[in-house]
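The sequence and structure are shown first.

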Amino acid sequence: MLSLRNVSKYYPAGFGKTYVLRNITLDIEPGEFVSIMGPSGSGKSTLLHILGLLEEPSEGEYLFLDQPVQKLSERRRTDIHRNHIGFVFQAYHLIDELTVYENIETPLLYKGMSSSERKSRVAELLDRFNMVAKKDLFPNQLSGGQQQLVGIARAIAANPKVIFADEPTGNLHSEHAKQIMELFKELNEKDGVTIVQVTHSDINAGYGNRILHLKDGWLEPAATASV
Ligand code: ADP
Ligand code: ADP
């Protein structure tokens with residue numbers, strides 16, 4: 001589903017280059033729940049951004065749903081963003097001026113859904129996330145955990161095939177973190193959403209089925225299973 005072939009990312013540095021990701025070859029299959037771990041500065045966010053089409057590889061090839069990303073037209077790329085990808089951020093990134101309801105509705109507007117379809121989809125999500133009573137509140141009237149629930153509701157509103165999450169519980173207390181990770185697990189298992197998260201937490205990584213370890217931009221070989 002997501003396929004990186006010898007992908008590197010570098011930034012110009014003086015007369016040379018500073019490599020942030022080096023020669024990454026990686027396949028993520030539909031229905032996987034993958035965690036990216038590694039020290040600060042090891043390239044985790046950069047890898048997530050490349051996978052989520054927010055950044056371009058400098059070298060190598062990336063296939064998203066079998067399509068070579070570097071050859072996509074701007075229109076097709078936007079289309080993929082709107083229909084197939086959801087993003088969840090550590091700092092939630094909700095729109096402060098919009099209510100809970102309106103935040104969740106935003107991706108449906110971009111997708112061009114009719115007003116009645118939007119109404120029923122947002123109502124369904126509010127109900128599922130126990131946020132009906134909060135629908136007219138603004139983000140700054142919610143706790144961090146509640147804001148992240150809205151962030152996730154928004155990310156899945158348009159039924160994306162894959163969710164990319166950058167430290168989704170990095171700002172949350174452990175009981176809220178647990179709630180968020182259980183929700184991801186449910187989305188993965190019941191709804192079949194592919195999930196790729198960056199995390200520092202072994203507990204969070206334990207919710208997934210595979211861990212990728214990055215170090216200095218290299219993907220460390222997967223540990224061989226001990227029988
Ligand atoms: P990055 O690796 O993206 O540069 P940092 O190392 O600065 O990020 O940490 C990003 C966020 O992750 C911070 O908000 C920090 O509080 C949180 N964080 C760091 N270490 C842990 C940990 N062991 N468990 C949970 N959260 C952590
Ligand atoms: P992580 O998420 O593991 O903390 P990042 O992917 O955020 O790592 O960053 C990896 C390295 O790339 C860091 O050393 C960072 O300083 C560098 N980096 C990220 N973006 C840029 C940029 N736009 N220009 C130059 N260096 C960058």
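Predicted model: local features only at pLDDT ≥ 70, side-chain atom pairs only at ≥ 80, totals over all residues.

Two strands are taken to pair if DSSP finds at least two bridges between them.

Six strands form an open sheet in which the pairing is mixed, and their order is E6-E7-E8-E3-E9-E10. The edges are held by strand E6 (85-89) and strand E10 (218-219), each of which pairs on one side only. Strands of a sheet pair through backbone hydrogen bonds, and they may do so in a parallel or an antiparallel manner.

Strand E3 (residues 33-37) and strand E9 (residues 210-215) run parallel and are joined by four bridges. Within this pairing, Ser 35 has Ile 211 of E9 as its bridge partner, while Met 37 stands opposite His 213 of E9. E9 also pairs with E10, but here the strands run antiparallel and two bridges join them; Lys 215 stands opposite Trp 218 of E10. The hairpin made by E9 and E10 has two residues between the strands, and in it Asp 216 adopts a positive phi near 50°.

How exposed is Gly 208? Its relative accessible area is 22%, and Gly 208 is therefore partly exposed, since that class begins where the buried one, under 20%, ends. From C-alpha to C-alpha, Gly 208 and Ala 222 are 15 Å apart in space, and they are 14 residues apart in sequence.

**Helices across the sheet**

Helix H1 (residues 44-51) lies across E3, E6, strand E7 (162-166), strand E8 (194-198) and E9, and runs at about 155° to E7. Helix H2 (residues 74-84) lies across E6 and E7, with an angle of about 70° to E6.

**Helix pairs**

| Helices | Axis angle | Axis distance |
|---|---|---|
| H5 (residues 144-156) and H6 (residues 174-189) | roughly 15° | within 10 Å |
| H3 (residues 100-111) and H4 (residues 115-128) | about 130° | 10 Å |

H3 is oblique to H4 because of the angle at which they pack, about 130°, and their crossing is right-handed. The residues that meet are Val 100, Tyr 101, Ile 104, Glu 105, Leu 108 and Leu 109 in H3, and Arg 118, Lys 119, Arg 121, Val 122, Leu 125 and Leu 126 in H4. Sorted by class, this contact of H3 with H4 comprises eight nonpolar and four charged residues, with no polar ones.

For H5 and H6, the crossing angle of roughly 15° means that they are roughly parallel to each other, and the crossing of H5 and H6 is likewise recorded as right-handed. H5 contributes Gly 145, Gln 148, Leu 149, Ile 152 and Ile 156 to the contact, and H6 contributes His 176, Gln 179, Ile 180, Leu 183, Phe 184 and Leu 187. By class, the contact of H5 with H6 has seven nonpolar and four polar residues, and no charged residues take part.

Notes. Residues numbered from 1 in each chain as written. Chains lettered and ligands numbered in written order. Heavy atoms only, no water. Axes fitted to C-alpha atoms, helices over the stretch in contact; angles between N-to-C directions. Parallel < 35°, antiparallel > 145°, perpendicular 65-115°, else oblique. Left-handed = near helix turned anticlockwise from the far one by under 90°. Contact = heavy atoms within 4.5 Å. Nonpolar A, V, L, I, M, F, W, Y, C, P; charged D, E, K, R; others polar. Buried < 20%, exposed > 50% of the residue type's maximum accessible area, 1.4 Å probe, protein only.
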